[in-house]
Amino acid sequence: MINDEQLLALLLDDSLPADQRRQLEQAIAADPELRRRLTAWQAPLRTWPADDSFEPAPAAAQARWRRALAREQRLTASSDRRWPQGWLVAGLATIVLATFALSLERWRLPPTGAAQQPPPVAQDSAETGALQRGVALYLADTRARLAQWPGSADQQHDLLAQSLAQNRMHAAAAAAQGDQELARVLRAFELTLESLQAARDNDPAAAATRQRLSFELGAMQTKLSPAASKQTHTL
Amino acid sequence: MMSRRSLTLIAAGLLAAASLQAREPVSERDQLALVALEGLMAAPAERALPLLQRTLAGSASTEVKQRALFVLSQVEDPAARTLLLQTARSGDAELRVEAIRSIGIGGDEASVGELQSIYRDGDAEIRSAVLQAWLIADRPDEVYQVAQDASDPGADEAISMLGAMGAQAQLRQLASSGRGSTSLVNALAVADDLDGLLAMARGNGQSDLRLEAIRAIGIVDGEAAEQALQQLYQEASDDALREAALQGLLVADAEAAVLALYRQSNDPAHKRELLRTLTIMGGDEALEAIDAALRGEL
């Protein structure tokens, strides 16, 4: 019986000894059912990176991001006349972040009348579930956006700015809810997104960084997926 | 609270390190392996670990091995942590950097602690990767140890990271020990430490750093920062200090504060400068001031 572990090993190429690999390939060649199962494993590749099965961010969130970006552009335009740009960039980044920090704080406020009440365990679980669903949506959204990497520098900047803002919001929420594991991963993504923002156009290193980020977004999406299981399955 | 601010300086270093990763497009075989690795994220540790071990020990491409290290960071098993540490200590430089990053992402206390010896023995690239791993794992004390050693070539990067981590206590400790530098001013601003910046602005340090600290207050969130800049403008003893406070107000986009200063000022030269600043800001307050100036009311 060939199980999914062996098929995964085959896909991982070098993780099987040559003789086992040969035997497995022969078995697959001779068995249509095995070929079907291998094809099922390969199926995600055909849809990647053109996976558009994500839902866009909520309209209210998009509106906030657009306002922050518009403000940034206005201030950048008005500041070029005088002072070193570095100061303005740093200041503007703070303004954008402040907008999100503010919205995050609002989101974290307890409901009226419950300010002094410790939240029940069930509510914690619900919040954690909501956070993970929100993060999963963000991961899918960002991965799809990276797959459709725009040609113009302005669009690239906007895409990265929006992704960074979402990433920071989710990282802060994860830390606030004590989900340090998720917070660490999102902090790593933040560094990656920042490095992409700092990259010049057509930088080959940036392309490699995007590929890495896309993989890691997908990997975390898989981990957070409700379908992720601790059970072993045999194909 | 961790990493809420721009990490541009750190990211620039990260990208420089990533230049090593620039390579040919991923082959079809690698793409299949990457899909398989992604699938392992949903597998139980006891199943995923042997596959990851074989992938790392085999002749897969560097890129596939790097991705395997990320997946390994998510496997909760002592053997996974041991493998990450082994990879971080020796072998291919790109894999070492990725393993160090993965240790930070994994966040295991003992493994993150082991990074100190890797930092000590590493070259510039490895040291930078360790600092990033500490940032990811939210370990300001380890970063501080590097930052406070002026002879350490990674000290400036470590100071920037403390800012990104919002590690105000460690930054103030640096400031009080006389470690004045542009990196420290920037880090205090990024960490939103108004009191730390005010101490530098009003201290007896180098005049250039004092001016930088005043400008940097504009980056700090909140009304208190605007009020502090307004006060610094009013108490400025020379043009440079006044100009720095005004620059801080512009960065903070504090139109109301600038308008208040404009109305209070009796010095024609200062009034002109304040009005120019308001016009650059371009908001309602600016129009109000321009209108009043044209009518000769202010």
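Let me begin with one residue: Glu157(B) counts as buried, because it has 22 C-beta neighbours inside 10 Å. A residue is called buried if 20 or more other C-beta atoms lie within 10 Å of its own, exposed if 12 or fewer, and partly exposed in between, with C-beta atoms placed from the backbone. The model is predicted: local features need pLDDT of at least 70, side-chain atom pairs count only at pLDDT 80 or more, and totals for chains, interfaces and linings use all residues. Residues are numbered from 1 along each chain as its sequence is written, while chains are lettered from A and ligands numbered from 1 in the order in which they are written.

Glu157(B) belongs to helix 10 (residues 155-164) of chain B. Helices (H or I, at least four residues) and strands (E, at least two) are DSSP runs, numbered from the N terminus. Ser183(B) is 26 residues from Glu157(B) in sequence, and their C-alpha atoms are 8.0 Å apart in space.

I turn now to helix packing in chain B. Helix 5 (residues 78-89) and helix 7 (residues 109-121) of chain B pack at about 15°, their axes 11 Å apart. Axes are lines fitted to C-alpha atoms, for helices over the stretch in contact, and angles run from 0 to 180 degrees between N-to-C directions. These two helices of chain B are therefore roughly parallel to each other, a term for angles under 35 degrees. Helix 5 contributes Arg81(B), Leu84(B), Leu85(B), Ala88(B) and Arg89(B) to the contact, and helix 7 contributes Ser111(B), Glu114(B) and Ile118(B). Contact means C-beta atoms, placed from the backbone, within 7 Å. By class, the residues of this contact are 4 nonpolar, 1 polar and 3 charged. Here Ala, Val, Leu, Ile, Met, Phe, Trp, Tyr, Cys and Pro are nonpolar, Asp, Glu, Lys and Arg charged, and the others, Gly among them, polar.

Helix 8 (residues 124-136) and helix 9 (residues 140-147) of chain B pack at about 145°, with axes 8 Å apart. Leu131(B), Trp134(B) and Leu135(B) of helix 8 meet Glu142(B), Val143(B) and Val146(B) of helix 9. That contact has 5 nonpolar, no polar and 1 charged residues.

Finally, chain A. Its secondary structure comes to 9 helices and 0 strands, and 35% of its 235 residues count as buried. How many residues of helix 9 of chain A are buried? The count is 16 of 21, so this helix is largely enclosed by the rest of the structure.

Note on methods:
Angles under 35 degrees count as roughly parallel, over 145 as roughly antiparallel, 65 to 115 as roughly perpendicular and the rest as oblique. Two residues are in contact if their C-beta atoms, placed from the backbone, lie within 7 Å.
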